[in-house]
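Okay, thanks for coming, everyone. Let me put the structure up and walk you through a few spots in it.

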Amino acid sequence: MGRLFIAKEDIQTLIERLKEGCDEFIAPKKEHLSDVIFADTKEAGGELIDYEGNSVISPRAFLLPQTEALFEIKSIKDGKFFPIPDKKKRIFYGVRPCDIKALILMRSFFLDEFVDIPYKQKLENSTFIALSCNRLCSEEAFCCEMDAGPVAKEGYDLQLTAIGKGYLVDVGSEKGSRIIRNNKKLFAKPEPRDEKEALETLKCLAKGCKRIDFKKLAGMMNEDKIKPSVWDDIGLRCVVCSGCITLCPTCSCFSIADRVSGDSGIRLRYCDGCPYSGFTRMAGGSTPFPLHKDHIRRFFEHKLNYDVGRYGIPSCVGCARCINTCPGNISIRKFIEEVAK
Amino acid sequence: MKLNEYLPVPAAIKDIVDETPDTKTFILQIKGRSNRVFKYKPGQFLMISLPGYGEAPFTFASSPSKDGKFQISVRRVGFLTNAMHKLKEKDIIGVRGPYGNTFPLDKMEKKDLLFIAGGCGIAPLRPLIQHVFSTRGGKNRKDYGKVEIIYGCRMPKDRFYKKEIKEWMDEPDTKVYLTVDEPDQTWDGACGVVCVMFPRIKLNPKTSMVFLCGPSVMIKSAIRDILKLGFREQNIYASLERYMKCGIGKCGHCYIKGKYVCTDGPNFSYTQMKKLGITS
């Protein structure tokens with residue numbers, strides 16, 4: 001299916017129809033402090049059709065929530081454990097290309113070798129409508145350099161690109177073309193000048209951007225060619241606020257805990273991560289990574305070095321959420337620029 | 001859809017053996033028909049759940065048996081293990097697995113074998129030692145060369161599997177060296193860390209295989225000294241311990257340089273360990 005066009009006034013109609021066919025419509029919304037976050041707007045409404053910048057928290061939180069039940073403990077005494085099926089149909093609207101790229105990475109991770117069923121069942125029942133970027137969301141963002149923006153190349157079901165009078169629509173999957181087929185009257189063929197307009201914007205955005213040679217960077221990290229003082233500095237600045245791992249769209253580490261009362265309860269997993277000193281601490285108290293700088297190094301190396309070895313691409317998408325939130329001004333972008341120079 | 005890998009199956013405690021003052025061996029059997037967990041190989045581990053207390057990895061401490069029973073040895077060191085020590089016969093716990101890799105069983109054939117264990121590090125090596133001494137699976141003792149076992153503990157009372165170790169001493173072409181860090185009146189054997197026994201090793205270092213497990217300081221110093229004797233890096237295998245929450249390469253706790261100790265290990269050759277930049 002070729003590129004299509006939807007007029008501004010028809011988008012709301014489309015959204016209303018999509019809401020009818022899903023259990024959760026997860027879309028950008030302004031919260032009380034005017035920050036943009038993703039929220040379920042199926043009943044509550046208030047979704048933003050278009051928005052500036054990117055959401056504070058990535059939509060990852062709906063697929064890998066801060067805490068999530070893994071299964072139900074029906075009886076501790078008898079050892080009865082039951083899965084908790086999640087059959088909710090979710091539509092994600094207005095997801096930025098960097099977060100779409102992050103979803104591709106998360107999919108390969110969670111569906112690799114041992115399949116993570118709690119993640120898989122949510123992912124497979126979800127539809128992703130991307131909204132490409134017309135300008136950089138923050139001064140720190142470097143999605144173009146990381147090949148994750150301003151337009152998603154794959155991983156979406158539909159992708160919207162804003163132009164003056166509406167949106168260009170790219171179809172990325174069967175799920176996407178089904179939406180088009182079911183709402184035929186809302187879509188039209190774009191005029192050549194509309195496509196030209198989008199192309200011009202894209203050109204402006206990508207101007208001066210230099211793709212990062214991530215293989216070279218990974219190679220340098222692999223051969224331990226980075227000055228040890230760089231890690232020392234990073235370690236000194238980190239205050240273990242865990243903002244980076246909380247906001248990162250590709251962070252996936254977790255811990256487990258039980259919540260029981262009497263003979264029953266649930267086992268849940270909660271987001272955890274490498275900055276915490278207890279992350280690698282074993283029973284008895286010893287840890288293979290006692291130094292703080294090694295915890296942050298692990299974060300950087302995982303994304304920029306080891307994942308390049310495993311998946312062929314880094315798992316940093318340049319969304320800059322970790323940079324903007326860091327109280328110690330640690331910048332993965334600066335790190336890349338300084339090292340890859 | 002595939003089974004939820006996080007879901008444990010119930011297992012009953014058939015028997016509990018007091019191994020040392022702070023260690024118990026649990027003899028377990030799966031309840032019902034889930035026999036998947038039985039098909040494990042020496043060196044693999046399983047996840048043990050005690051609902052309300054959480055879940056942790058434990059190595060299989062016995063080689064697979066016909067009746068489906070398997071053993072884990074649990075030292076009382078933390079929240080979960082303290083709770084486990086309060087369990088009684090017939091109590092039910094959750095288990096899932098097996099996970100992780102096995103020792104290079106094929107590579108071991110016809111070779112002389114050296115086992116070095118410290119403290120509870122004997123547990124992961126025990127299924128392997130039993131495998132060598134057993135006559136099951138179409139193999140027997142003649143398929144392997146000489147065997148030497150070096151086992152060090154803090155005190156004489158901290159030694160695991162006391163009765164079985166005596167039986168190992170009677171196996172043909174087998175030597176067992178025991179040592180303790182802090183001897184008491186009952187002890188008339190060797191004193192010191194495992195490395196003090198190394199001069200007694202009679203095996204040909206160039207062709208023998210070495211299997212280690214123990215506290216990280218022990219693994220580190222034992223590998224250093226064993227290399228000095230001429231044993232080959234690629235023939236040295238260690239079973240490593242890491243904090244793990246899932247056992248299936250997802251939770252990230254045991255991640256080292258792109259490898260997961262739970263799925264790529266827990267048994268690594270020293271050549272692999274060097275690549276990962278770890279010594280223990």
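This is a predicted model: local features need pLDDT of at least 70, side-chain atom pairs count only at pLDDT 80 or more; totals for chains, interfaces and linings use all residues.

K30(A) comes out at 52% relative accessibility, and since the cut-off for exposed is over 50%, it counts as exposed. You'll find K30(A) in strand β2 of chain A, which covers residues 24–30. Setting aside neighbours within four places in sequence, K30(A) is in contact with D35(A), V36(A) and L48(A). I84(A), on the other hand, sits 54 residues away along the chain, and its C-alpha atom is 32 Å from that of K30(A).

Let's stay with β2 for a moment. E24(A) is in that strand and R90(A) is in strand β6, residues 90–95, so their pairing ties together parts of chain A that are 66 residues apart in sequence. It's a salt bridge, with 3.1 Å between the closest N and O atoms of E24(A) and R90(A). And both E24(A) and R90(A) are buried.

Another one in chain A is R211(A) with D147(A), where the closest N and O atoms are 3.3 Å apart. Here the pair ties together parts 64 residues apart in sequence, because R211(A) is in the loop between α5 and α6 and D147(A) is in the loop between β7 and β8. Both ends are partly exposed: R211(A) at 47% relative accessibility, and D147(A) at 27%.

Over all chains, the search of the whole structure turns up 36 salt bridges.

As for the interface itself, 46 residues of chain A are in contact with 40 residues of chain B. Together the two chains bury about 3,500 Å², with 63% of that on carbon and sulfur atoms.

Last stop, a pair of helices in chain A. α7, residues 228–237, packs against α9, residues 292–311, at an angle of about 105°, and the axes are 8 Å apart. Angles from 65 to 115 degrees count as roughly perpendicular, so that's what we call α7(A) and α9(A). By class, their contact has four nonpolar, two polar and four charged residues. On the α7(A) side we have W231(A), D232(A), I234(A) and G235(A), and among the α9(A) residues they meet are I296(A), R297(A) and F300(A).

That's my tour, over to you.

Definitions and conventions. Residues are numbered from 1 along each chain as its sequence is written. Chains are lettered from A and ligands numbered from 1 in the order in which they are written. Side-chain values use heavy atoms; hydrogens and water are left out. Helices (H or I, at least four residues) and strands (E, at least two) are DSSP runs, numbered from the N terminus. Buried means under 20% relative accessible area, exposed over 50%, partly exposed in between (1.4 Å probe, protein chains only). Contact means heavy atoms within 4.5 Å. Axes are lines fitted to C-alpha atoms, for helices over the stretch in contact, and angles run from 0 to 180 degrees between N-to-C directions. Angles under 35 degrees count as roughly parallel, over 145 as roughly antiparallel, 65 to 115 as roughly perpendicular and the rest as oblique. Ala, Val, Leu, Ile, Met, Phe, Trp, Tyr, Cys and Pro count as nonpolar, Asp, Glu, Lys and Arg as charged, and the others, Gly among them, as polar. Buried area is the accessible area (1.4 Å probe) that two parts lose on being put together, summed over both. A salt bridge is a side-chain nitrogen of Lys or Arg within 4 Å of a carboxyl oxygen of Asp or Glu.
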